Amino acid sequence: MSHRPFPGRRSVLRGSLAASAALTLPVGLGGAPALALSGRPNAGWGVQTGDVTANSGLVWVRSDRPARMIVETSATESFRNPRRLHGPLLGADTDFTGTTRLRGLPPGEQIHYRVLLADPDDPRRTGEPVTGTFRTVPVNRRDGVRFVWSGDLAGQGWGINPDIGGYRIFDAMAGLDPDFFLFSGDTVYADGPLAATAALPDGGVYRNVTTQEKAKVAETLAEFRGNFRYNLLDENLRRFNAQVPSIVQWDDHEVRNNWYPGQTISQSDARYTVKSVDTLVERARRAFAEYYPISTLRPGAEEGRVHRVLRQGPLLDVFVLDMRTYRNANSTDDQTADPQGILGREQLEWLKKELSRSRAVWKVLASDMPLGLVVPDSGEGRPHFEAVAQGDPGAPLGRELQIAELLRFIKHRRITGTVWLTADVHYTSAQHYQPSRAAFTDFEPFWEFVSGPLNAGSFPANALDGTFGPERVFVKAPPRANVSPAEGYQFFGEVDIDGDTAELTVRLREQDGTALFTKVLQPGLVGQ
């Protein structure tokens with residue numbers, strides 16, 4: 001495969017980026033930055049890049065005090081003759097976070113950058129620079145594309161555990177030299193407090209790094225912000241962020257488990273004094289936008305939404321979906337008409353339009369929830385459901401009606417190369433959907449791949465719903481619920497598109513990078 005004409009950036013940059021990370025280690029349980037020069041701003045939470053295109057990218061940083069964000073870019077690590085951009089003034093209104101968009105970058109090239117934070121009253125006083133790198137999207141098909149995906153970080157009471165090396169899965173992902181990381185939701189567990197210790201089945205103890213904001217469920221803006229800061233206490237994640245750009249979406253745990261618009265939290269749930277889910281969503285969304293470099297959620301962005309398309313060159317378009325913001329209420333999901341569904345009508349029409357416009361060989365539908373896996377929700381009376389499927393293998397009902405409409409559209413418009421990727425259910429699996437096995441048959445076969453969690457409890461495999469004819473070709477899941485990261489069962493996926501043949505290879509991997517399952521897909525087929 002002709003993937004990259006330059007040396008692997010991990011080997012070249014390992015020393016310099018490790019040194020940069022060491023200079024910015026947060027210390028203390030509250031995450032106060034270390035090694036700050038007296039009176040100078042410090043970037044103790046590292047840097048990130050996101051939503052990179054062929055000629056642009058977003059750079060993110062957080063300061064420990066008011067500061068002016070300055071970004072310098074260079075074609076080499078030496079930073080000779082760097083290009084300097086003055087970014088926003090970072091202040092309390094954004095929790096001292098900010099992004100700067102780099103424009104006019106050369107396509108398909110390695111970009112080196114460093115962020116300096118300057119005292120707003122004395123620009124000569126700057127903190128230690130923090131360095132990073134990313135590769136812009138290629139315009140040459142033969143460069144190929146490689147990326148990794150997963151989701152579910154610090155859930156079910158399992159947080160950063162120094163005894164097992166913290167979030168070490170990020171080092172395994174970085175070792176594959178991906179062009180980007182697709183973060184498939186549940187980027188934090190705002191509804192999941194962390195205790196200092198948790199008992200393990202073998203009598204051992206799981207030890208969490210803890211913070212004040214992780215002591216209870218998040219309700220205030222400060223508490224939501226603290227959940228996003230928490231994950232950045234992990235050195236593995238900070239190092240990964242400095243090396244691999246991200247494409248980020250959200251799901252439920254950025255707010256609370258299984259939320260939907262207009263929901264009211266039960267009075268019996270004493271964890272929450274704020275009972276309006278819409279109020280929690282507003283605060284969580286603001287913190288989410290502050291802590292990730294997302295082009296459509298930046299201050300002043302016209303769209304103000306999570307769903308978007310990231311075009312990754314001639315071989316790949318990534319369609320980031322939002323199955324939270326526009327969904328109907330969780331229910332028995334057996335209605336025979338459902339115009340709102342899980343995407344909302346406006347997002348569905350947007351998706352159809354963008355799929356029709358796409359000229360990429362492959363179209364990845366980045367979904368924060370699976371299609372044919374039955375994900376239950378609590379509810380009074382008959383069982384309620386959280387995702388698309390409800391366990392009835394017959395004709396589409398409820399939210400399945402919207403997915404059926406989309407699959408029919410893909411078939412009749414002869415849209416080729418669609419692949420669905422998700423996380424959410426805390427195990428890894430591969431499902432093939434086939435009309436000959438299905439109750440609804442007006443679609444072409446396609447694949448759905450699931451991989452996660454990154455660092456959270458893992459769970460047994462969910463039941464399949466036969467409406468769209470899924471066959472579980474591979475699965476690895478634990479035999480019991482909420483297995484800790486110390487016991488394994490943490491997963492991510494890799495997608496590698498060959499620049500010569502345009503074949504798309506999916507590998508489902510364990511947290512150490514071991515490949516569990518491999519599937520090679522051929523280009524040019526409708527549905528797949």
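This is a predicted model: local features need pLDDT of at least 70, side-chain atom pairs count only at pLDDT 80 or more; totals for chains, interfaces and linings use all residues.

Reader: Then is Phe440 buried or exposed?

Author: Phe440 has a relative accessibility of 8%, under the 20% limit, so this residue counts as buried.

Reader: What about Phe443, buried or exposed?

Author: Phe443 is at 2% relative accessibility and therefore counts as buried. Phe443 also belongs to a core of 33 residues, among them Leu355, Phe409 and Val425.

Reader: How are the rings of Phe440 and Phe443 arranged?

Author: Their centres are 6.1 Å apart and their planes are at 0°, so the pair is stacked.

Reader: How many aromatic pairs are there in the whole structure?

Author: The search finds 25. Another of these involves Phe228 and Tyr291, with ring centres 6.0 Å apart and planes at 15°, so this pair is stacked. Phe228 is in helix 3 and Tyr291 in helix 5, so the pair ties together parts that lie 63 residues apart in sequence.

Reader: And the accessibility of Phe228 and Tyr291?

Author: Phe228 is at 4% and counts as buried; Tyr291 is buried as well, with a relative accessible area of 1%. Both rings are part of one aromatic cluster, which also includes Trp60, Tyr167, Phe170, Phe181 and Phe288.

Reader: Let us move to the largest nonpolar core. Which residues have the most contacts inside it?

Author: They are Tyr167, Phe170, Met173, Phe181, Tyr230, Phe288 and Leu454, in a core of 50 residues. Helix 2 (169–174), strand 12 (180–184), helix 3 (221–231), helix 4 (235–243) and helix 5 (277–291) each supply at least two of its residues. The largest share, seven residues, comes from helix 5.

Reader: What does Phe181 touch?

Author: Leaving out residues up to four places away in sequence, its contacts include Trp149, Phe170, Met173, Phe240, Ile247 and Leu454.

Reader: How do strand 21 and strand 23 run?

Author: They run parallel, and four bridges join residues 418–422 of strand 21 to residues 446–450 of strand 23. Val419 stands opposite Trp447 in strand 23.

Reader: Next, the backbone. Where is the cis peptide bond?

Author: It joins Gly452 and Pro453, with omega at about 5°. Pro453 is in the loop between strand 23 and strand 24.

Reader: And what is the phi of Asp152 and of Asp424?

Author: Asp152 has a positive phi of about 75° although it is not a glycine, and Asp424 likewise has a positive phi of about 75°. Most residues other than glycine have a negative phi.

Reader: Where are Asp152 and Asp424 found?

Author: Asp152 lies in the loop between strand 11 (145–150) and helix 2. Asp424 is in the loop between strand 21 and strand 22 (428–433). Asp152 is at 0% relative accessibility and so counts as buried; Asp424 is buried, at 10%.

Definitions and conventions: Residues are numbered from 1 along each chain as its sequence is written. Side-chain values use heavy atoms; hydrogens and water are left out. Two strands pair if DSSP finds at least two bridges between them. A nonpolar core is a set of buried Ala, Val, Leu, Ile, Met, Phe, Trp, Tyr and Cys residues joined through side-chain atoms within 4.5 Å. Buried means under 20% relative accessible area, exposed over 50%, partly exposed in between (1.4 Å probe, protein chains only). Contact means heavy atoms within 4.5 Å. Rings of Phe, Tyr and Trp (its six-membered ring) pair if their centres lie within 6.5 Å; planes under 30 degrees apart count as stacked, over 60 as edge-to-face and the rest as tilted.
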